[in-house]
Amino acid sequence: MKQSKLSSSLLFTSSEWSFDLIRECDQAIGEIAKEFGLDTYPNQIEVISSEQMMDAYAAVGMPIGYHHWSYGKQFLSTENSYRRGQMGLAYEIVINSNPCIAYLMEENNMTMQALVIAHACYGHNSFFKGNYLFRTWTDADSIIDYLVFAKNYISKCEERHGISEVESIIDSCHALMNYGVDRYKRPYPISAHDEELRQVERAEYLQKQVNDLWRTIPKSAGGKAEKNTPRFPSEPQENILYFLEKNSPLLEPWQREVIRIVRKIAQYFYPQRQTQVMNEGWACFWHYTLLHEMYNRGMVSDGFMLEFLQSHTSVIAQPAYDSPYFSGINPYTLGFAMMMDIRRICENPTKEDREWFPDIAGSNWNETLHFAMRNFKDESFILQFLSPKVMRDLKLFSIVDDDHEDKIEISAIHDEGGFKRLREILAGQYNLGNREPNIQIYSVNVRGDRALTLHHTMHNRKPLADSATEVLKHLHRLWGFDVHLHSMDGDEIKQSFHCPELDE
Amino acid sequence: MSYIIDRRLNAKHKSAVNRQRFLRRYRDQIQKSVSDAVSSRSIKDIDKGGKVSIPTKDIGEPVIHHGNGGHNTRVLPGNKQFSTGDRVNRPEGGAGGGGGKNASDSGEGEDDFSFTLSQEEFLDFMFDGLELPNLIKRQLSGIEEFKKVRGGIANEGQPGRINIVRSLRAANMRRIALTAGKRKRLLELEEQLDAIDQQEESSRDLLLREELIAEMAKISNAIKRTPWLDTFDLKYNLQIKQPIPRSKAVMFCIMDVSGSMDQATKDIAKRFFILLYLFLQRNYEKTEIVFIRHHTSAKEVDEDEFFHSRETGGTVVSSSLKLMKSIIEDRYSPNEWNIYGAQASDGDNWGDDSASCKELMSDHLLPLCQYYSYIEITPHDHQALWRTYEEVHEAYPDKFSLQHIIGVEDIYPVFRELFHKKVA
């Protein structure tokens, strides 16, 4: 009797999924998520096959992308490792758009589908909607629109100017993609329709501006004028692609527009690169919490939970630094551990927690978590919320690898004296500013050979990798005149790259 | 509120274009890899698609990142034995420590980038830039090969092919044409009748009125009696037979199986023949192969026997050429067939036979053939046959070519050499 009563409240018992089951399951999860106060965009759940998943992979998760060989390369390598069984496909891909698009793979069983719905459709989705970086930097309403515009524009360019021509411009832009982001200015919202209207106008206007900058009529002869000429640009520019789009002397209007498209897409992905730990941690925390809640309410079976926990644990596994599987700190592990720990600190604070987190110990865990989700990025989140317990559990330690020393030094471990330092170093590791070389456009020789000079401000004496030479070639293609890159340690030039190479 | 959409039926190959772009961009590297693969593959798999690799460094997408060196700090998980202030040696190979970033960049590290080509793509790369020389005969061959195409409208045909619209239009035209005079007369009469009706009642010519009415009735009757549809209105859709141009090729594989040809040499010859066969198949809809093997006498055999059976004896090359000539005369009229010859041998020939080879070749075979290629597989010096054939080559540089192969790795390059596109 009891048995039949129990099974009647179960949402599903078979491992086969069906559209009805998915709908019911989504509804149930959605209701529980609402009770927990998760605010989400509407969901658009799309069921796709594994081949389509590989397609989605290759397009870096963008549902519509312009054509480029690098996506083909991505596809080939995904396909190859998938076919050889080296790699399983991700369970889900979710797109920061409104409605929020999540892909479910048809090969997965019902347990996995439920897990993905909880993880992507409620976890990631609410993060996209709530986190300040996404709110400031991306426009979920118009991204799909913009991608459509970009794709059409680029294929039109290909028709008009030839595939190779367009391809080489995109290559160059991709090489500089990480330097195509505004870090402090909020971009305007974009939509395909407006974009098309503005595009023509912009092309004409821009060309005029550029011509003005390069006015060739000499104002006065002699070196006197040169001294007074203000440096151009007056401030160093960190958004290299933007600078090129606006000021590069030889580009055609369509080439400027292509730069702009790549720049906009880089900007769209910028928040994702800064919130990986938080985003995954948040999504893992909520699939864990939501599915447990379903279990407590008797909606899913024991078998479901076992299966779910098995894949959950494999997702958040962290191999040790000396394991052959180690490839850096797993953002899922770190994020999930921190989110769970915040809840623990709120609900069952220890003496240590009260000392470290007097503000949140004993507070409402859900509000605190939401506060953390909304107002932080990886760097500040770790700096603010990484607790000694998590560091102990993960057995974190930090090393100093200095090329002036012949040995690596262990600078801090998970003990009383090391927590603060560990936390700072780990946070710094997630600071994009430290991770990527800091390169800015320093000056343009406006009166002379039009050479472009960039400065790399060295961080902890870290040099640039040799790939800089290659990237400089791309920069040279976009600029059209000589390009110089100096690595500066203080005022001293440590390393110089030139394109074309200087004869010596 | 969620929407659930089934996208599984959507196009699968969204990335196909990007994949093509990739293949296009790295054409040269892939071609090189394909040609390596062709040399090293077993004969059975030679036309299969398959894995090709190109060096990772060629396809890199450079981005600026930090190199090794400088002052690095890093947090790692899973401490087991360290305590603060410990100093340890740098790990070997750069993994784990400061250099770890590079290793995780691209899964496969510094290896080659490898991926799978489909059979079609593989063959495309294999035969890219090659063409069959002297490809002129595209002879229409006889029976059966027709296709039906629509050929406009005809007045005769089967009832099933009636074109209703055109038939009714014709009927309409006929009716208008046949009744035009009568309708004109009818109008005149009506006018006269109206004129009479407008006169004062007393002055009306009643007799004339009666006559008019009677004539009008007669004419309307005649108009009505015009047939609505007549047999000669009927139009039919016409279908005509068009012959399909077909090109057919026959390839003669001639191999020396005398005692001097060992298994390795035969294997090389076989690879060459297979390449040639695949290539012909891509150029002609219909390709036939005739296998001729010879020692002192020649014999037409099937594929299996051609490649596998062993015979010994001396060598008389001209016997095979004679056989080829008689087969052409029997079955493959040069008017209909493109004829290709490929001969492989180790260069041995009966002392005074070479002269008759030359004669057969120049006078009888080459005028019939599109192209004849001879490969000599031998690590030794050339003998009489090679020199004789060199003379033939000088006489017919377009139609006859000869190449020398030493080992397996020469086959594909030699093959490309034989068939590379000649700029006109």
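Residues are numbered from 1 along each chain as its sequence is written, and chains are lettered from A, with ligands numbered from 1, in the order in which they are written. Because the model is predicted, local features need pLDDT of at least 70 and side-chain atom pairs count only at pLDDT 80 or more, whereas totals for chains, interfaces and linings use all residues.

**Exercise 1. Describe the side of chain A that touches chain B.**

Step 1. Helices (H or I, at least four residues) and strands (E, at least two) are DSSP runs, numbered from the N terminus. Helix α4 (residues 69–83) of chain A gives the largest share of this side, namely nine residues.

Step 2. Sorted by type, the residues on this side of chain A are 36 nonpolar, 24 polar and 18 charged, where Ala, Val, Leu, Ile, Met, Phe, Trp, Tyr, Cys and Pro count as nonpolar, Asp, Glu, Lys and Arg as charged, and the others, Gly among them, as polar.

Step 3. Strands pair if DSSP finds at least two bridges between them, and strand β1 (residues 43–48) of chain A pairs with strand β1 (residues 2–6) of chain B in the parallel sense over five bridges. Within this pairing, I45(A) has I4(B) as its bridge partner.

**Exercise 2. Find which residues touch the most other members of the largest nonpolar core.**

Step 1. A residue is buried if 20 or more other C-beta atoms, placed from the backbone, lie within 10 Å of its own, exposed if 12 or fewer, and partly exposed in between. A nonpolar core is a set of buried Ala, Val, Leu, Ile, Met, Phe, Trp, Tyr and Cys residues joined through C-beta atoms within 7 Å.

Step 2. The largest such core has 217 residues, of which V258(A), F252(B) and F272(B) touch the most other members.

Step 3. Leaving aside residues up to four places away in sequence, F252(B) touches V290(B), I292(B), M324(B), Y340(B), G341(B) and A342(B).

**Exercise 3. Locate the cis peptide bonds at P99(A) and P500(A), and the positive phi angles at N460(A) and R461(A).**

Step 1. Most residues other than glycine have a negative phi, and most peptide bonds are trans.

Step 2. N98(A) and P99(A) are joined by a cis peptide bond with omega about 0°, and P99(A) lies in the loop between β2 (92–95) and β3 (100–105) of chain A. The bond from C499(A) to P500(A) is also cis, with omega near -5°, and P500(A) is in the segment after β9 (492–499) of chain A.

Step 3. Phi is positive at N460(A), about 55°, and at R461(A), about 60°. N460(A) is in the loop between β7 (452–457) and α22 (467–479) of chain A, where R461(A) is also placed.

Step 4. N460(A) counts as partly exposed because it has 14 C-beta neighbours inside 10 Å, and R461(A) counts as partly exposed because it has 15.

**Exercise 4. Judge where chain B should be read with caution.**

Step 1. With pLDDT, the predictor's confidence in each residue from 0 to 100, chain B averages 80, and 88% of its residues score at least 70.

Step 2. Among the elements of chain B, helix α3 (residues 100–105) has the lowest mean pLDDT (37) and helix α5 (residues 164–198) the highest (91). Over residues 94–110 of chain B the pLDDT is below 50.

Step 3. Where pLDDT is low, the predicted coordinates should not be read in detail.

Technical notes. Two residues are in contact if their C-beta atoms, placed from the backbone, lie within 7 Å.
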